[in-house]
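Please look over the sequence and the fold before reading on.

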Amino acid sequence: MRNSSGGHVEEFVLVGFLTSPPFQLLLFVFFLAIYLLILLENALIICTVWLTPSLHRPMYFFLGHLSFLELWYINVTVPRLLGAFFTQDGRVSYVGCMTQLYFFIALACTECVLLAVMAYDRYLAICEPLRYPSLMTSNLATRLAAASWGSGFFSSMMKLLFISRLYYCGPNIINHFFCDISPLLNLTCSDKEQAELVDFLLALVMILLPLVAVVSSYAAIIVAILRIPTAQGRHKAFSTCTSHLAVVIIYYSSTLFTYARPRAMYTFNYNKIISVLYTVIVPFLNPAIYCLRNKEVKDAFKKTLSGRCHCPRDVLD
């Protein structure tokens with residue numbers, strides 16, 4: 001409903017998932033279980049990488065950053081959703097909504113760039129195996145990780161700068177389970193053309209450019225692998241990047257579908273379903289994919305659980 005005083009909206013109401021009480025309870029249990037598993041999975045990966053000297057290489061350094069990112073990413077949306085299930089209160093302050101939006105965009109953009117950095121690391125490891133240690137040094141790995149975080153948070157700041165300047169006079173009902181860009185732009189009483197343009201341009205930079213880097217890296221990787229004379233050699237080379245490739249396909253397919261899907265699909269609340277995929281399901285699958293498809297991580301994971309690892313001196317060799 002509209003703001004009766006005609007002033008600026010001071011709070012929004014997140015609709016969430018409107019279902020019967022028994023199904024609400026089922027959804028609460030589902031999201032709580034997934035949330036706790038994501039926290040456990042990513043915390044274990046971070047500890048495993050940190051405590052296992054054999055994993056102190058750029059590939060696993062970036063994996064540790066990805067798991068650290070997922071820990072924050074899931075905490076941006078799910079605790080608020082669980083609280084709404086428990087209290088049946090979907091209200092969120094204007095400042096709280098903008099804060100949630102800022103961190104959500106920042107972490108999503110950071111993940112896009114970080115996945116591209118990980119693809120570049122695999123490209124160097126497979127296409128330049130002899131020069132890899134001198135090319136991907138610990139110093140370069142640290143700078144690439146820092147650039148991923150910096151670009152993601154800077155991009156989010158620029159988007160929020162334009163979105164927060166918009167005027168919201170009502171209605172204040174957001175048909176979503178968290179504060180996202182499209183629902184907020186649909187509620188503004190101001191001219192949103194400039195904010196939409198900035199959002200589109202930054203989406204091109206932060207999603208498509210990393211995607212181009214990923215595709216280019218894997219195109220070169222495939223060419224290099226096909227040149228390996230033995231089937232065993234090809235399998236060994238490709239096995240080092242299958243986990244990352246699976247994560248990239250899942251993440252980018254859901255993200256691109258969010259931006260490219262037909263407008264008519266908004267009517268059927270598909271937006272929430274797709275959002276659950278890339279905000280909850282993808283962070284849940286990522287650690288499982290890396291642990292199940294990577295023998296080094298699986299072996300180190302078992303050693304970590306059995307307490308046979310020693311504290312490292314450095315994160316990277």
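A disulfide is counted here when two cysteine sulfur atoms lie within 2.5 Å. The model is predicted, so local features need pLDDT of at least 70 and side-chain atom pairs count only at pLDDT 80 or more, while totals for chains, interfaces and linings use all residues. Residues are numbered from 1 along each chain as its sequence is written, and side-chain values use heavy atoms, with hydrogens and water left out. Two disulfides turn up in a search of the whole structure. With bonded cysteines counted along the chain, their pattern is 1-3, 2-4.

**Terms**

- Helices (H or I, at least four residues) and strands (E, at least two) are DSSP runs numbered from the N terminus.
- A residue is buried under 20% relative accessible area, exposed over 50% and partly exposed in between, with a 1.4 Å probe and protein chains only.

**Cys-97 and Cys-179**

- The sulfur atoms of Cys-97 and Cys-179 are 2.0 Å apart and form a disulfide.
- This link of Cys-97 and Cys-179 is left-handed, with -125° about the S-S bond.
- Distant parts of the chain are linked by the pair: Cys-97 sits in helix 3 (residues 94-127) and Cys-179 in the loop between strand 3 (173-174) and helix 6 (181-187), 82 residues apart.
- Cys-97 is buried at a relative accessible area of 0%, and Cys-179 is buried at 0% relative accessibility.

**Cys-169 and Cys-189**

- Cys-169 is joined to Cys-189 by a disulfide with an S to S distance of 1.9 Å.
- The torsion about the S-S bond of Cys-169 and Cys-189 is about -100°, so this disulfide is left-handed.
- Cys-169 is in the loop between helix 5 (138-163) and strand 3, and Cys-189 is in the loop between helix 6 and helix 7 (193-226), so the pair ties together parts 20 residues apart in sequence.
- Cys-169 counts as buried at 17% relative accessibility, whereas Cys-189 is partly exposed at 36%.

**Other cysteines**

- The cysteine sulfur closest to that of Cys-112 belongs to Cys-109, at 6.2 Å, which is too far for a bond.
- Cys-112 is buried, with a relative accessible area of 2%.
- Cys-47 is partly exposed, with a relative accessible area of 38%.

**Helix 3 and helix 5**

- The axes of helix 3 and helix 5 come within 7 Å and cross at roughly 145°; axes are lines fitted to C-alpha atoms, for helices over the stretch in contact, and angles run from 0 to 180 degrees between N-to-C directions.
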